[in-house]
2 protein chains.
Amino acid sequence: MQASAKVPRSRVLRQPQNARYDRATVHGILDAGLIGHLAFAADGWPYVIPMLYARDGERLILHGSVASRLMRSLGNGARACLAVTLLDGFVLARSAFNASVNYRSVVVFGRAISLTAEEEKKHALRVLSDHVLPGRWADIRPPSPKELFVTSVLAMQIETATAKVRTGPPKDDPDDLTWPCWAGVVPLRMVAGEPQPDGSLSAPPDYVLQDARFR
Amino acid sequence: MQASAKVPRSRVLRQPQNARYDRATVHGILDAGLIGHLAFAADGWPYVIPMLYARDGERLILHGSVASRLMRSLGNGARACLAVTLLDGFVLARSAFNASVNYRSVVVFGRAISLTAEEEKKHALRVLSDHVLPGRWADIRPPSPKELFVTSVLAMQIETATAKVRTGPPKDDPDDLTWPCWAGVVPLRMVAGEPQPDGSLSAPPDYVLQDARFR
């Protein structure tokens, strides 16, 4: 990587008209997502890997194994970029050129540090758990000192962030409006299926059954 | 980026036990996904952006505006990495340490070239359309020469690829099996909602109504 102190702001915008920089939009999308895609450089190549993440104020919490070279390298302040994308629907225009998808996405640039204090790591893991499935943390066995020791927990400061959002119907060329095909939006969303119990307790807890995100 | 001729193979594996390299697994996940996350380097920073993509044999098709600096830079053979991740469920173990998600993911490394011949671009855009929504291409107005001209179409060779797959129930520590909480898997999947017509044709085509991916 060449040296550059400047944190990127808007280079990636392919559709600048969809860009939003306000904090509420950025935070809302980060809080609604589950999987982030983290990019970093190593050995002269760009890498991207999927990770669970959670927002804790103005930073993102990530975790992995202390045995991971990636975690060690990132935790030393390496430059990173995390994208979160929620696909909301197919936008079926009357031409391929105007076809699109409805989506919400955020791209965050920042550097990460490793959290080392046990209480700090425990707090961050709780934030992660509360983000993935609110209510779960209170039910499970708390982390042991050994588990905390072998878990690498990173906090990535949100240095800059850009949200992009597309909503609404297709935008066809006026000449295409009489083209004889169906046009419109096919909404897409994530839903939860029937919980599959492991062990003797068959009735899932309310925080699973009533999770409004996946009804 | 430092120079390195070697294409990465296994560096990113945080859970090597879940890694698979066979072509059928890699292709199956690429074919099942809709949004890829493309990483590249620019100005000394890693970038990652969400993109529609499609597999065409041993290459991935990407597209964007010819006005995009990114597209021009990538189309000149820049090193890139694309990840596709399908989230299949929450794996609720009895400890945070053993909690996980079921997922299928692929990480592809390769370099892209810009397609320039009109017929080649048209073929690639059709592959993209057929991947996103099979059946749609035959219904819509074909691309005009002008639309093809202002659309940048990239073909990224799959130089190396790694799939990771986790399925099945939680793997708890034996001592945790009596911990008094529900454990199991909550499956997650993408579904399509009620199509929202734009214009006068209200009945969506069969390839929307019968798309098995989203029932």
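Me: Which two strands form a hairpin in chain A, and how many residues are between them?
Reply: In this predicted model, the hairpin is made by β4(A) and β5(A), with 2 residues between them. Gly57(A) sits in the turn and has a positive phi of about 70 degrees.

Me: And how many bridges hold β4(A) and β5(A) as a pair?
Reply: The pairing of β4(A) with β5(A) is antiparallel and runs over 3 bridges. To pick out one of the partners, Asp56(A) is bridged to Arg59(A), which belongs to β5(A).

Me: Which other strand is joined to β5(A)?
Reply: Strand β8 of chain A, residues 151-157, is joined to β5(A) by 7 bridges, and the two run antiparallel. If you want a place to look, find Leu62(A), whose bridge partner in β8(A) is Leu154(A).

Me: How many residues of β5(A) are buried?
Reply: The strand, which covers residues 59-65 of chain A, is mostly covered, with 5 of its 7 residues buried.

Me: OK, helices now. Which residues of α1(A) are buried?
Reply: Helix α1 of chain A takes in residues 23-32, and its buried residues are Val26(A), Ile29(A) and Leu30(A). These three cover an arc of only 100 degrees around the axis, so they lie on the same side of α1(A).

Me: What is exposed on the other side of α1(A)?
Reply: Over there, Ala24(A), Asp31(A) and Ala32(A) are the exposed residues.

Me: And what covers the buried residues of α1(A)?
Reply: The cover includes four strands of chain A, namely β4 (54-56), β6 (76-92), β7 (100-115) and β9 (160-166).

Me: Let me zoom out. How many helices and strands does chain A have?
Reply: Chain A has 5 helices and 11 strands, and its C-alpha trace spans about 65 × 55 × 30 Å along the principal axes. Of the 215 residues in chain A, 41% are buried. If you take the contacts in chain A with a separation of 6 or more, 75% of them are between residues 24 or more positions apart.

Me: How many residues does each chain give to the contact between A and B?
Reply: Chain A gives 82 residues and chain B gives 82 residues. On the side of chain B that touches chain A, the largest share comes from β10(B), with 9 residues. That side of chain B divides into 55 nonpolar, 15 polar and 12 charged residues.

Me: What rotation superposes chain B on chain A?
Reply: A rotation of 180 degrees does so, with 0.0 Å of shift along its axis and an RMSD of 0.0 Å. That is the relation of a two-fold axis. The same surface serves both copies, in that 100% of the contact residues of chain B recur in chain A.

Me: Which strand of chain A pairs with β10(B)?
Reply: Strand β11 of chain A, residues 196-197, pairs with β10(B) in the antiparallel sense over 2 bridges. One end of a bridge is Gln196(A), and its partner in β10(B) is Val185(B).

Me: Is Val185(B) buried or exposed?
Reply: Val185(B) counts as buried, because it has 24 C-beta neighbours inside 10 Å, and 20 or more are needed for that label. Setting aside neighbours within four places in sequence, Val185(B) is in contact with Gln196(A) from the other chain, and with Gly89(B), Phe90(B), Val91(B), Asn102(B) and Pro169(B). Val185(B) and Val101(B) are 84 residues apart in sequence, yet their C-alpha atoms are 8.5 Å apart in space.

Me: Where does Tyr53(B) lie?
Reply: Tyr53(B) lies in the loop between β3 and β4 of chain B, and it is buried, with 26 other C-beta atoms within 10 Å. Apart from neighbours within four places in sequence, the residues that Tyr53(B) contacts are Gly36(B), Leu60(B), Ile61(B), Leu62(B) and Leu82(B).

Me: Last one: which residues have the most contacts inside the largest nonpolar core?
Reply: Those are Cys81(A) and Cys81(B), in a core of 113 residues. Not counting residues up to four places away in sequence, Cys81(A) touches Ala39(A), Val107(A), Val108(A) and Phe109(A) in chain A, along with Trp45(B), Pro46(B), Tyr47(B) and Val48(B) in chain B.

Conventions
Residues are numbered from 1 along each chain as its sequence is written. Chains are lettered from A and ligands numbered from 1 in the order in which they are written. This is a predicted model: local features need pLDDT of at least 70, side-chain atom pairs count only at pLDDT 80 or more; totals for chains, interfaces and linings use all residues. Two residues are in contact if their C-beta atoms, placed from the backbone, lie within 7 Å. Ala, Val, Leu, Ile, Met, Phe, Trp, Tyr, Cys and Pro count as nonpolar, Asp, Glu, Lys and Arg as charged, and the others, Gly among them, as polar. Two strands pair if DSSP finds at least two bridges between them. A nonpolar core is a set of buried Ala, Val, Leu, Ile, Met, Phe, Trp, Tyr and Cys residues joined through C-beta atoms within 7 Å. A residue is buried if 20 or more other C-beta atoms lie within 10 Å of its own, exposed if 12 or fewer, and partly exposed in between; C-beta atoms are placed from the backbone. Copies are superposed by least squares on the C-alpha atoms of residues with pLDDT of at least 70 in both. The arc is that of the directions from the helix axis to the C-beta atoms.
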